[in-house]
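Subject: Structure handover

Hello,

Here is the structure for your records. My notes on what was found follow below it.

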Amino acid sequence: KGSKFRIPIPDHLQLVLNACNEDNPGKNADYIPELRDADSNKLGVAVSTVDGYLYTAGDVDIEFSIQSISKAFVYALAIEEHGLEYVLTRVGVEPSGEAFNELSLEQDTCRPLNPMINAGAITTHTLIGKKDTTYEERAEMVRKGLSKFAGRELTVDENVYDSEMKHAFRNLAIANMLRNYNVFDLDPKKVVEGYTRQCAVNVTAKDLAVMAAVLANSGVQPVTGERVVRPETVRQTLSVMMTCGMYDGAGDWVTQIGFPAKSGVAGGIIGALPGQVGIATFSPKLDKHGNSLRGVRICKRLSDDMGLHIMHQP
Ligand code: GLN
């Protein structure tokens, strides 16, 4: 385990990092102290190949909360558990063009538009486990599921969790809206607690690169060799990441960078190139969509340099 890792820092990644670090615009998420006070100078990039080689530069061992990046993996876990057909009856796949925390539902079906915005992700969270699964068990199943992708035991940042719950008014509003439209029939507050624990799981840029590499490797963990999810599940997950992963910045992202990705409010971004690599960046300051600003820059640069745009024809 892990022995397949070679971690020399190739000059290229360091070069990209330096090029993207000339200034540091944007702003930390400021709705909880843990994110507001996070060191915004930190910057890291990690690339994991589908055969388990890891290349890194910068701050790749710092733990931060996974936040919305978890939405992609938990969506995959939900499909794995219930099948795509059922999951589609509960959460749609249309880009919302709205902010990630918009209170919105699809008009005719009353489904959340997609699993990458909070309304969809809170619903996806409820799909983990069986009818009699307790809220606490569900949160634990999610943590374990995310750990399988990472190939190590991930932990919950209890401070982030506590702070998030003190400021979860908007997610509580979303969960109450979902309950009102019978998207689920669970206790909205308990559901938000579980979803918030999901968002508070700690990861490093290294973890995220490997987790993304599972998606790039059609569902097999490149280091442990374990199949985490099926290829059909990965296809669905990457497709939704492609169209909805970067929120209302999705159009710019797809045209300019052009690979499936997901961002989180703590400053992480993952990208996955099917059959090739998982990419992760970490930089806390965000742009107006809530995507890590220097992270987007790094991904753009990697996409250009390595021809990673999926529409790129040499
Ligand atoms: N915990 C945050 C929320 O649900 C995650 C949002 C994000 O990463 N964009 O509001």
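In this predicted model, the side chain of Gln-67 places an N or O atom 2.7 Å from a nitrogen atom of the ligand. The side chain of Ser-68 has an N or O atom 2.7 Å from an oxygen atom of the ligand. Val-265 takes part through its backbone, where an N or O atom lies 2.8 Å from an oxygen atom of the ligand. The ligand on its own exposes 300 Å², and the protein buries 94% of that area.

The space that the ligand takes is the largest pocket. Besides Gln-67, Ser-68 and Val-265, the residues around the ligand are Tyr-31, Phe-100, Asn-118, Glu-164, Asn-171, Tyr-195, Cys-199, Tyr-247 and Gly-264. By class, this shell consists of six nonpolar residues, five polar residues and one charged residue.

On the domains: the protein chain is divided into domain 1, covering 11-61 + 205-223 + 241-306, and domain 2, covering 67-199. Each of the two contributes at least three residues to the shell around the ligand. The centres of domain 1 and domain 2, taken over C-alpha atoms, are 22 Å apart. Where the domains meet, 28 residues of domain 1 are in contact with 27 residues of domain 2.

To recap for the ligand, Gln-67 and Ser-68 use side-chain atoms at 2.7 Å, Val-265 uses a backbone atom at 2.8 Å, and the shell draws on both domain 1 and domain 2.

Regards

Methods. Residues are numbered from 1 along each chain as its sequence is written. This is a predicted model: local features need pLDDT of at least 70, side-chain atom pairs count only at pLDDT 80 or more; totals for chains, interfaces and linings use all residues. Side-chain values use heavy atoms; hydrogens and water are left out. A residue is near a molecule or strand if one of its heavy atoms lies within 4 Å of it. A polar contact is a pair of N or O atoms within 3.5 Å; within protein, one must be able to donate a hydrogen and the other to accept it, and residues adjacent in sequence count only if both atoms are side-chain atoms. Accessible areas come from the Shrake-Rupley method with a 1.4 Å probe; for residues, only the protein chains shown count as cover. On a 1 Å grid over the protein atoms alone, a cavity is a set of points where a 1.4 Å probe fits but cannot get out, and a pocket is an open set with protein on both sides within 12 Å along at least five of seven lines; lining residues have an atom within 4 Å of a point. A molecule sits in a cavity or pocket if more than half of its atoms lie within 2 Å of its grid points. Ala, Val, Leu, Ile, Met, Phe, Trp, Tyr, Cys and Pro count as nonpolar, Asp, Glu, Lys and Arg as charged, and the others, Gly among them, as polar. Domain bounds come from an automatic or database domain assignment. Contact means heavy atoms within 4.5 Å.
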